[in-house]
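Have the sequence and the 3D view to hand.

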Amino acid sequence: MEFIQTLFANQLLVSILLSALPLVFIVLMVLVVLYTEMKVAAHIQDRVAYMRTGWHGVLQPIADMLKLLQKEDIIPTKADKVLFRVAPFVAFTGTYVAYAVLPFSSMYIGSNINLGAFFLVAAGSLVVIGILMAGWASNNKWSLFGGIRSAAQMISYEIPTALGVIIVVMITGSLNLQDVTKFQDGGIGNWIVFGGPLPWTQKLMLMPFTLVTFIIMFVSSIAEVNRTPFDLPEAESELVQGFNTEYSGMRFAMFYLSEYANLFTVSAVVVSLFLGGWSSPFASFMSGPIWGIFWFVAKAYLFMLIQIWLRWTLPRLRVDQLMFVSWKVLTPWLFVCLLAVGFILVI
Amino acid sequence: MSALGTYFYNIFHSLYTVVIGMKITIKHLFTRSATVQYPTVKMKIPERARNRLFVNIDDCIGCDQCSIACPVDCITIETIKSTPDMDLGMTSKNTKKRLYVPRFDIDIAKCCYCGLCVWPCPTECIVMTDVYEFAEFDRQNLIYSFSNMTVEESAAAKERLEKYNGELAAKKAAAAAAPKESPVASISTALVTPPPIKPEPPAAEPNKG
């Protein structure tokens, strides 16, 4: 970052450039993830997916994106015009803001604030407003159902997510994700999933609880990005397409982009909280700022792969089951973990 | 089981079944896909597949049986009788052809590929082929004309038939004018109208020769 600052010597220009950097990353990442998702989906069902645009259809995501950009932007006559227009951008902003506190590498973090994890949880809720706005403004029953379901779901699952963050913060003693990652630096054994870099007695006692926290955090993060098996807001067999039924063209693309950007965000958060973020699993081997980006993205990508894999394995949950999982399973278990971790850290 | 037991059992069971499901899907992820890359790779179609119709017009005797059998009326046949002085030749099954076929149209867009037209054909000239890629941009292009007669040829055939019929009518009129003179002759001329059908040459004849 200092390097870029000295290169341009203009504070405003630098901040614009730095804030635009994740956008470039998001667009490229979405292309890759889209391609991966389609290919994995197809091969799980013994199909082959795109084969005709480029080698094994590698250019298809680009073609899809260009198609979406060219499409007509239809706004229903009975829709609330202003809210309808604004909603996708609110949703995307909520997603994008979270990238400010993701530590991509030891040298790069958008904003090195000491409330990183807290900010992330808060910014994640902004997406709900965008989705609810879209559902309401569409003036469509299915959209409204989708929006309301999404609000209920995301708010419910915010609690396990926040509790999981708290447990990690208790161990690391910092809300700054950069510090959390630095705390876990130095090999696979130091990752919080395996108890963190603590004396081995404490580590051994912490391990089962951090492991449970990690699994719960992972489940709730899938629910927070509205993916199968928690894709109730866009349950296509019941709600057509949920909150984005009435959207088309560029605005639909924004929702799409937001969905996939969110997918990366939650994976990245789980990775930097539990799996050492940008730190190399082989201690000092293959570590450094550039390798840091590689490890961070690779770990997050692995998580996205697991999410895609889950998506094509599990059927959708019922609404009451969804609430059951959040309030009666994830939250109490995390409370138990919270108490246990606190106790272990004190003794 | 107690309520608490059920609760723990359900949690364990849901995690366990997810693992089973994921094991199945990952196995499929690495098995060969069943897709055939159609336009580049084509599946072998069955030997007796019923696809596009083909008419070997040289063998057609214009009997109209296929057109009658067709449940969707997609075959249109027009015929012109030949005069006794013309020889239309034989079909490959050694049937004498007696009718010109100036029009034999099949609207393949209407065709339902039932194959009912194939069986009644006495000369086996209408057959179903294995061609299944014949999409067109214009619906008119899907009407296939199988007749090999030009407009002039069919006009000439029609003219000959009219001339022949006219001659026949004149003969008849002449016979009617003098009925008592030779009743036998008049009967014989009246019977000419369709030329007397010769018995089909026996199929075994070529072997004899």
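## About the model

This is a predicted model, in which local features need pLDDT of at least 70, side-chain atom pairs count only at pLDDT 80 or more, and totals for chains, interfaces and linings use all residues. Residues are numbered from 1 along each chain as its sequence is written, while chains are lettered from A and ligands numbered from 1 in the order in which they are written.

## The sheet in chain B

In chain B, three strands make an open antiparallel sheet ordered S2-S3-S5. Helices (H or I, at least four residues) and strands (E, at least two) are DSSP runs numbered from the N terminus, and two strands pair if DSSP finds at least two bridges between them. Strands S2 (75–81) and S5 (143–145) of chain B are at the edges with a single partner strand each, so one side of each has no neighbour in the sheet.

S3 (residues 99–107) of chain B is joined to S5(B) by three bridges. Asp107(B) has Ile143(B) as its bridge partner in S5(B).

## Where the chains meet

The contact involves 13 residues of chain B and twelve residues of chain A, counting residues whose C-beta atoms, placed from the backbone, lie within 7 Å.

## Two domains in chain A

Chain A has domain 1 (1–70) and domain 2 (71–346), with bounds from an automatic or database domain assignment. Their centres, taken over C-alpha atoms, are 19 Å apart. In chain A, 18 residues of domain 1 are in contact with 19 residues of domain 2. H2(A) gives the most to the side of domain 1 of chain A that touches domain 2 of chain A, namely 13 residues.

Definitions and conventions. Two residues are in contact if their C-beta atoms, placed from the backbone, lie within 7 Å.
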